[in-house]
Amino acid sequence: MAKLVLDGIVKHLGGKLVVNKLNLEVASGELVCLLGASGCGKTTTLRMIAGFLTPDGGEILLDEKPISRIPPERRPTAMVFQQYALWPHMDVFHNVAFGLQLRKLSKQVIEKRVREALGLVRLEEYARSYPARLSGGQQQRVALARAIVLEPKLLLLDEPLSNLDSKLRIEVREEIREIQQRVGITTIFVTHDQDEALSISDRVAVMLDGHLEQYEPPDKLYRYPRTTYVAGFVGSMNLLHGATRAGRVVIGDIDVPCTWQSAQVEGEVDIAVRPEDVRLVQEGGVEARVKQRMQRGHYQELILDVPWGNLRTFVSNDAEVGAQVQYVFQRALIYQDGVLVQGA
Ligand SMILES: Nc1ncnc2c1ncn2[C@@H]1O[C@H](COP(=O)(O)OP(=O)(O)OP(=O)(O)O)[C@@H](O)[C@H]1O
């Protein structure tokens with residue numbers, strides 16, 4: 001168990017500022033996802049934690065000790081990559097044992113630890129199989145066992161699921177989370193997939209242009225995105241531009257009834273409404289036509305035709321394309337200058 005602190009990390013690559021005074025604290029045993037769009041600096045940050053890159057400024061502390069100048073092989077970290085990078089000529093057992101053999105541990109100790117690690121990822125019976133015979137999900141579990149067997153203080157995962165198809169991605173991410181919680185290892189997980197981040201993290205670090213835009217547990221991040229950037233990036237969201245007047249939301253010339261507390265700010269604002277908070281009502285709402293309907297399992301996603309474009313809503317009852325409906329906002333987030341000023 002180890003606590004990680006990034007204290008004002010700065011990194012330039014190719015003359016460009018890639019990580020910009022990044023501060024992040026990860027508690028012992030936590031799983032934190034670094035989430036952000038391509039190019040925001042997630043991988044660069046992870047590589048600095050692993051020691052493959054050195055920060056230009058700031059410090060990385062593990063259990064209060066600075067580690068920025070320690071070479072990667074001497075850091076108590078283990079990394080799992082997007083490409084599993086297993087040795088094709090070694091069976092699963094020897095792939096997992098490799099790092100322990102380098103440490104010159106006894107045969108018995110290696111045997112015991114490899115068996116335990118394979119047990120953890122449920123691959124005991126594949127010990128003698130070669131990587132080429134395994135599925136992508138199994139290969140990634142071998143890569144995970146190979147990292148965990150070293151008993152690192154910090155587990156670093158760089159988009160470990162991006163080579164898997166969507167169903168397998170979900171299965172393996174749940175497995176990673178379960179193993180991580182069982183072992184209690186502090187883990188940093190890089191992803192650009194917000195669904196993945198929300199599903200498995202204790203806290204999500206949303207990065208934008210090399211800095212931390214928001215750092216919260218998934219439920220808080222989803223409920224109170226601090227900026228319009230996060231509102232648009234995390235989860236499905238209707239992002240609208242309008243105004244609040246006398247406690248009401250006005251978009252264009254439409255006055256939308258809101259069933260939440262009245263708006264406390266006045267003037268031009270950005271408004272973010274989750275599709276599940278756009279409620280269809282029998283009367284007293286704003287009229288709109290159903291433009292599109294998508295079946296999403298146990299609920300339906302509707303796109304309503306509104307004067308400013310589209311309004312997305314999730315409903316559980318049937319609504320036909322072309323039907324006239326009425327909607328209200330049940331809950332809305334209000335932003336001024338890109339920052340949340342009111343969230344019901
Ligand atoms: N070796 C390099 N030389 C110059 N620029 C680099 C180098 N490596 C990365 N960059 C740039 O740094 C920025 C951040 O890259 P990084 O790989 O950390 O982003 P990322 O958030 O992990 O994105 P992705 O999800 O695409 O991997 C990008 O603009 C990238 O082009």
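Which residues are closest to the ligand, and how many surround it?

1. **The ligand shell.** In this predicted model, 13 residues surround the ligand. G14, S38, K42, T43 and T44 are the closest. A residue counts as near a molecule or strand if its C-beta atom, placed from the backbone, lies within 6 Å of it.

2. **Elements around the ligand.** Two or more residues of the shell come from each of β2 (16–26) and α1 (42–50). The top contributor is α1, with three residues. Helices (H or I, at least four residues) and strands (E, at least two) are DSSP runs, numbered from the N terminus.

3. Eight shell residues are polar, three are nonpolar and two are charged. Here Ala, Val, Leu, Ile, Met, Phe, Trp, Tyr, Cys and Pro are nonpolar; Asp, Glu, Lys and Arg are charged; the others, Gly among them, are polar.

4. **Domains.** The chain splits into domain 1 (4–231) and domain 2 (237–340). These bounds come from an automatic or database domain assignment. Taken over C-alpha atoms, the two centres are 38 Å apart.

5. **Where the domains meet.** Nine residues of domain 2 are in contact with six of domain 1 (C-beta atoms, placed from the backbone, within 7 Å). On the domain 1 side, three are nonpolar, two polar and one charged.

6. **Confidence.** The model has ipTM 0.93 and pTM 0.90.

7. **Reading notes.** Residue numbers start from 1 along each chain as its sequence is written. Local features need pLDDT of at least 70 and side-chain atom pairs 80 or more, while totals for chains, interfaces and linings use all residues.

Methods: Two residues are in contact if their C-beta atoms, placed from the backbone, lie within 7 Å.
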